[in-house]
Amino acid sequence: MLLKYKATIGSLLFLVFLWSCNKKDSSLPDPCLGVSYDVQYFKTEAISTSNNGTIAITFPVGDTISYQLNNGAFQASPSFTNLAPGNYVITVKNQKNCTDTAQITILNYGPKYALVKQIITGYCGPCHLNGATNGGKNFDTDASIVAGWDRIKARAVDNNPTQMPQLPNAPLTAVDKQKITDWVNAGHRQSD
Ligand code: HEC
């Protein structure tokens, strides 16, 4: 009888203990409150049919951060490779299990267009990139490069009426000029 009584008191105390723990927990501040990452990344598009797009997270990085692609497993490496064209969600997680996400689209480029895009990115800034519009031309978007194909060839390959990149910058090499010509002849689309 006494034993039974003790057991009842014991379980009552245990319940009170559980209740107080619970109460304490829910009054703790959320460790993720105010945690947000302005996720930064570098990506390369998938070329042709080879599903070789890449994403490399450049912020946040560090030992305590892990990364997830869509619903895959979290990994320590901030790099993802062999990506097909499409929309992806990258989740970053810190040591307190706080997360943030970034939506990233991997585009599909034709092989000839990919080379032209590289030339434009490498040689046509600062005059036509990052918002610059010399001669009324800005090449920040793929659509603007595709729409500007004839003038790109005229100015950077045929030097008509004068050379681009503008003097005193060096002209493109014969190899790079050929890349533009090949793209134009193939149909000057993003998929060429
Ligand atoms: C150092 C600055 C500079 C660089 C680099 C440069 N441009 Fe230009 N671009 C200009 C200026 C200034 C104009 C306007 C004067 C003119 O048309 O000559 C212009 C005009 C243009 C135009 C519009 C005029 C037209 O003839 O249709 C095109 C197209 C063009 N550039 C293409 C290119 C390409 C392609 C590259 C890279 C391969 C390039 N530019 C690199 C300065 C530059």
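**Met 164**

I looked up Met 164 and found it buried, because 24 other C-beta atoms lie within 10 Å. A residue counts as buried with 20 or more other C-beta atoms within 10 Å of its own, as exposed with 12 or fewer, and as partly exposed in between; C-beta atoms are placed from the backbone. I worked on a predicted model, where local features need pLDDT of at least 70 and side-chain atom pairs count only at pLDDT 80 or more, while totals for chains, interfaces and linings use all residues. Numbering starts from 1 along each chain as its sequence is written.

I placed Met 164 in the loop between H4 and H5. Helices (H or I, at least four residues) and strands (E, at least two) are DSSP runs, numbered from the N terminus. I then listed what Met 164 touches, leaving out residues up to four places away in sequence: Arg 155 and Ala 156. Contact here requires C-beta atoms, placed from the backbone, within 7 Å. I also took the C-alpha to C-alpha distance from Met 164 to Lys 153, which is 9.5 Å at 11 residues apart in sequence.

**Nonpolar core**

I looked for the largest nonpolar core and got 15 residues. Such a core is a set of buried Ala, Val, Leu, Ile, Met, Phe, Trp, Tyr and Cys residues joined through C-beta atoms within 7 Å. Val 116, Ile 119, Ile 120, Ala 156 and Ile 180 touch the most other members. H2, H4 and helix H5 (174–186) are the elements giving two or more residues to this core, and H2 gives the most, with four.

**Ligand shell**

I counted 18 residues around the ligand, the closest being Cys 124, Cys 127, Gly 135, Arg 151 and Pro 165. A residue is near a molecule if its C-beta atom, placed from the backbone, lies within 6 Å of it. Helix H2 (111–123) and helix H4 (149–156) each supply at least two residues of this shell. The largest share, four residues, comes from H4.

I sorted the shell by residue type: eight nonpolar, seven polar and three charged. Ala, Val, Leu, Ile, Met, Phe, Trp, Tyr, Cys and Pro count as nonpolar, Asp, Glu, Lys and Arg as charged, and the others, Gly among them, as polar.

**Strands**

I checked the open sheet of three strands, whose order is E4-E6-E7 with antiparallel pairing. Two strands pair if DSSP finds at least two bridges between them. Strand E4 (66–69) and strand E7 (99–106) are the edges, each pairing on one side only. I noted that strand E6 (residues 86–93) and E7 are joined by eight bridges in the antiparallel sense. Tyr 88 stands opposite Ile 104 in E7.

I turned to E3 next. Strand E1 (residues 40–44) runs antiparallel to strand E3 (residues 53–59), with five bridges; Thr 44 stands opposite Thr 54 in E3. E3 also pairs with strand E5 (residues 79–83), antiparallel, over three bridges. There I found Phe 80 of E5 as the bridge partner of Ile 55.

**Whole chain**

Of the 192 residues, 15% count as buried. Among contacts with a separation of 6 or more, I found 52% between residues 24 or more positions apart.

Methods:
Two residues are in contact if their C-beta atoms, placed from the backbone, lie within 7 Å.
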